[in-house]
Amino acid sequence: MKTTADFNMVNAYIPGRANIEPATEAMIARRNALLGPAYRLMYEHPLHIVRGEGAWLIDPQGRRYLDAYNNVTSLGHCHPAVAEAICRQVQTLATNTRYLHDTILELAERLLASVPGTDLAHLMLTCTGSEANDLAYRIAKVRTGGTGVIVTDTAYHGITDAVSQFSPSLGPTVDLGPHVRLVAAPRQYHAEGADLGERFTRDVEAAIADLQRHGIKPAALIVDSLFTSDGILPEPAGFLKGAVEAIQRAGGLFIADEVQPGFGRTGEHMWGFQRHGLMPDIVTLGKPMGNGQPIAGLLATADALAEFGEYSRYFNTFAGNTVSCAAALAVLETIEREQLMPHAAQVGKLLLDGIAGLKAKHEAIGDVRGAGLFVGVELVSDRTTRAADRGLTSKVVNLMRDKGVLLSACAQGHNVLKIRPPLVLSAEQAGMVIDVLDQSLTEARWGDAE
């Protein structure tokens, strides 16, 4: 089954589209020759970045760009505490999980302590979020004896062969597997007049029934609890509960993909699923865990993991190495020491309220929604119909890049600005995002009028 999403990002560089200086064109040509055709560059005018510092990325001329998009460096670029932890550990010991060492055990204790009230009991480490979701799916298949997986219609869960088959946002070049069922993301306008939780639960129940009708046993429902790729849909808190109960009644597991919502980003809890009052069987974690160091993983209940652990050996050469574990511990310590969760709530509210205030000035803003330092701005050609304005979205993203603020776009209509800055974003920097968005929407509108 082919997906309907566009493979190219709405704001991606396309050769010949922009007026690029010769040096940049030469670097792009060299990159294409060396790396091949599958890679993509962001923005119509690609950036050459040589240094990072906090929420800033810096080009060879010293121009600073505010990074309001990259959650991988969750604490900001080159955070001193993480850099020091990495340097200290790499000078001491860099080895794997087949030897005993304290760092991985301390990391496991800290992460499991962050999910009180659940039955999550074990940590397994990977290098990437894609690997974490791949491993979670393997565990779910062993635990349930099924293969069926349910995801939302513009979901992204990773790039391994197995996981790409349930990542429809990758586009038409990737086939979704026959064991995959898509359900509509709980978009506010898609369920007007209906209870979002009831609607989403019914859709998941219908997907379960369809899998069973085709002789496919359900293995898992996997969702990003902020529905990031679907357009950033955080509200109302608690609406996921019925769908999770439905998959668990059917013998499947609930996998909470926390690669993007996790590590305090919502400003309310450490993990996005906690705002819904859920009991996941597996929680997957991504590279924000190491502030860009390649470490990711999953938390699982003893029940989910028991049979997999009995019959499968798991070893990943770099996953759980001492250097990556030291980086991850530094991230957890910094989030606590610098009070970054309440900081995300405070600055995120300034960001959300400030952008919402632009709605009175800009008819193109159809909706503004978010949780903590994760904000989505829906751009439309008609507020009544909520018709997606993909062209305007692309213009705004590229205009903001030119004015020094980096973000991207997501959702089925490629029309939701995706604002996902490092947790250290300051109130002043949030104000810059608001001001530059205001300027870019104005400039894009007058450009259309001309």
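**Salt bridges, helices and surface**

Student: Asp-367, buried or exposed?

Tutor: Asp-367 counts as buried because its relative accessibility is 16%, where buried means under 20% relative accessible area, exposed over 50%, and partly exposed in between, with a 1.4 Å probe and protein chains only. Keep in mind that this is a predicted model, in which local features need pLDDT of at least 70 and side-chain atom pairs count only at pLDDT 80 or more, while totals for chains, interfaces and linings use all residues. Residues are numbered from 1 along each chain as its sequence is written, and side-chain values use heavy atoms, with hydrogens and water left out.

Student: OK, and which residue does Asp-367 meet in a salt bridge?

Tutor: The side chain of Asp-367 meets that of Arg-369, at 2.8 Å from N to O; a salt bridge here is a side-chain nitrogen of Lys or Arg within 4 Å of a carboxyl oxygen of Asp or Glu. Arg-369 is buried too, with a relative accessible area of 7%. Through salt bridges that share partners, Asp-367, Arg-369, Glu-378 and Arg-386 are joined into one network.

Student: How many salt bridges are there in the whole structure?

Tutor: A search of the whole structure finds 20 salt bridges. One of them pairs the side chains of Glu-235 and Arg-275, at 3.2 Å from N to O. This pair links distant parts of the chain, 40 residues apart, with Glu-235 in the loop between E7 and H7 and Arg-275 in the loop between E8 and strand E9 (282–285). Helices (H or I, at least four residues) and strands (E, at least two) are DSSP runs, numbered from the N terminus.

Student: How exposed is Glu-235, and what about Arg-275?

Tutor: Glu-235 is partly exposed, with a relative accessible area of 34%, whereas Arg-275, at 9% relative accessibility, counts as buried.

Student: Where are Asp-210 and Arg-213, and how many residues apart?

Tutor: They are both in helix H6, 3 residues apart, so about one helical turn separates Asp-210 from Arg-213. Their side chains form a salt bridge of 2.8 Å, N to O, and Arg-213 is exposed, with a relative accessible area of 60%.

Student: New topic: which residues are buried in H7?

Tutor: In helix H7 (residues 241–249), the buried ones include Gly-242, Ala-243, Val-244, Ala-246 and Ile-247. Among the elements that cover them are strand E5 (148–152), helix H6 (196–213), strand E7 (218–224) and strand E8 (253–257). Just after H7, Gly-251 takes a positive phi of about 90°.

Student: And at what angle do H3 and H9 cross?

Tutor: Helix H3 (residues 102–113) and helix H9 (residues 322–337) cross at roughly 35°, and their axes come within 9 Å; axes are lines fitted to C-alpha atoms, for helices over the stretch in contact, and angles run from 0 to 180 degrees between N-to-C directions. Residues making the contact (heavy atoms within 4.5 Å) include Leu-107 and Leu-111 of H3 and Leu-329 and Leu-332 of H9.

Student: Last one: where is Thr-384, and is it buried or exposed?

Tutor: Thr-384 lies in the loop between strand E12 (375–382) and strand E13 (387–388), and its relative accessibility of 74% is why Thr-384 counts as exposed. Thr-384 and Gly-366 are 18 residues apart in sequence and 8.6 Å apart in space, C-alpha to C-alpha.
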